[in-house]
Amino acid sequence: MPTAAFHFPRGFLWGTATAAHQVEGSNTNNNWWKWEQEGHTANKSNLADDWWGGRWKEDFDRAVEGGQNAHRLSVEWSRIQPAPDRWDEDALERYRAMLRGLRERNMTAMVTLHHFTDPLWLAELDGWESPEAATHFEKFVRKTVEVLKEYVNLWCTINEPNVYALEGWVDRKFPPGKSDLKLAMKVEANLLRGHAAAYHAIHELQPEARVGFAHHHRPMVPRYPWFPLDVLERNIHFSAISTVFPSALASGVMRTPIGNARIPEARGTQDFLGLNYYSQDTVAFDLRQPGELFGRRYYPKDSDLAEGGMNANIPEGLFTSLRWAVKTFPNLPILITENGIEDARDTLRPRYMAGHIHQVWRAVNFTWPVKGYFWWSLVDNFEWERGWTQRFGLWELDVETQARRKRPSADLYAAICKENGLTSDMVQKYCPEIFAGMFPG
Ligand code: FCB
């Protein structure tokens, strides 16, 4: 049978994404370490993937040998600025070495400046509840960008501000573990101020830089499209979760279900949209959910669920997210900054990967400006409140011995990166169960 192929444009970025606290280990000076010691997480991060001990080198080798030409990592604020009036030049030097390591491997670096963790000193000053947080963040960003800009052109200011605010101030899964929607919205507004300040500061220091943020986007569909209350609930949840932050970047006004805030300096502060997509929710009106504004989010019964059920394999949802992105920000380049699935046994991951990359190809074929794709993640890493119970890596990690073992998906991803495309042979080899659907006839 002849091979069919979905090819991507030349120069497309193929990489994986990581975050400092999840891979470095021994990040003792931030609010997550404290949260772990207080017993709020399934396990503790401890050494994580031991990148701080130098294992980034072997993992970058794995990435480049796997055909990846880019990597998204984050820097840890509490290491670079251990106290408000102190910079740790050694920590900065280590990040320079890591970024040099990417350059030596011909890999494009994307650096995230805030990925969920805050220095303890900032948390003690009320963290992002305080309007001062944006000013502190800007100071940290200026120092970091000045030192690292030699190696970095792509900056991601803040990772998933919506998840950070909702998990920390509504769902109580992240520190500080509060439940107060009003405060959550205040935090999100302050994150917007922080993002805007960082955007302007980076451009001042490095005019050619491309700056954006990573948006956790959840497309949502109503349980019954003909039932107005389901549609209403879908719209409430969709706007509260998926559009508050990005639409403020489009308009300069942050609109939330409980009030609006004018943040004019945030308008237009994006050179690309970073899109994190994992799954799509169905939303139903439900009188038993007053705390959720009478809406229930769930996956339909016959869903292709990952172990534990946190995510379902719904590739079309990525296409829907990309359609939303091009409508909301016409002509703005898009980078898929995260996409992946928890699957220790690697039985679902290959079809999830092929299915989602196929949807990205469809978008590119419509000439939507998708410029790159970062898989979450390279090696299993510390998954926040879920600790080590969820495994997202192309490579499996033995937390005790630090040994890595390649999963079949790592070979599939390497084949895709090296081909700059997905072929029918790959699908046949790694996930034959979706072959007929993807290549009918
Ligand atoms: C995203 C986070 C990332 C990782 C994945 C699984 O929400 O940005 O750090 O935990 O989920």
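Predicted model: local features only at pLDDT ≥ 70, side-chain atom pairs only at ≥ 80, totals over all residues.

Student: What makes something a cavity and not a pocket?

Tutor: On a 1 Å grid over the protein atoms alone, a cavity is a set of points where a 1.4 Å probe fits but cannot get out, whereas a pocket is an open set with protein on both sides within 12 Å along at least five of seven lines; a lining residue has an atom within 4 Å of a point. Searching the whole structure for cavities of 30 Å³ or more turns up one. The largest cavity has a volume of about 30 Å³, where volume means the space filled by probe spheres set on points joined across faces, edges and corners.

Student: Which elements each supply at least two residues of that cavity's lining?

Tutor: Helix H1 (20–23), strand E3 (70–74) and helix H5 (89–104) do. These are DSSP runs numbered from the N terminus (helices: H or I, at least four residues; strands: E, at least two).

Student: How do the lining residues of the largest cavity divide by class?

Tutor: Seven are nonpolar, two polar and one charged. The classes are simple: Ala, Val, Leu, Ile, Met, Phe, Trp, Tyr, Cys and Pro are nonpolar, Asp, Glu, Lys and Arg are charged, and the others, Gly among them, are polar.

Student: What is the volume of the largest pocket, and which residues are closest to its centre?

Tutor: About 1,100 Å³. It has 42 lining residues, and Glu167, Asp171, Lys173, Arg218 and Arg297 are the closest to the centre. Helix H8 (161–169), H9, helix H10 (228–251) and strand E12 (295–298) give two or more residues to this lining, with H10 giving the most, four. The class count is 20 nonpolar, nine polar and 13 charged.

Student: What about the second largest pocket?

Tutor: That one has a volume of about 290 Å³. Its lining has 17 residues, with Asn31, Lys34, Ala123, Pro175 and Pro176 nearest the centre. The lining splits into eight nonpolar, two polar and seven charged.

Student: On to packing: are H7 and H9 roughly parallel or antiparallel, and why?

Tutor: The axes of H7 (residues 133–148) and H9 (residues 181–205) come within 9 Å and cross at roughly 30°. Axes are lines fitted to C-alpha atoms, for helices over the stretch in contact, with angles from 0 to 180 degrees between N-to-C directions. Under 35 degrees is roughly parallel, over 145 roughly antiparallel, 65 to 115 roughly perpendicular and the rest oblique, so H7 and H9 count as roughly parallel.

Student: And what is the label for H8 against H9?

Tutor: Their axes also come within 9 Å, but cross at roughly 150°. That makes H8 roughly antiparallel to H9. Pro161, Asn162, Tyr164, Ala165, Leu166 and Trp169 of H8 meet Leu181, Leu183, Ala184, Met185, Val187, Glu188 and Leu191 of H9, contact meaning heavy atoms within 4.5 Å. Eleven residues of this contact are nonpolar, one is polar and one is charged.

Definitions and conventions:
Residues numbered from 1 in each chain as written. Heavy atoms only, no water.
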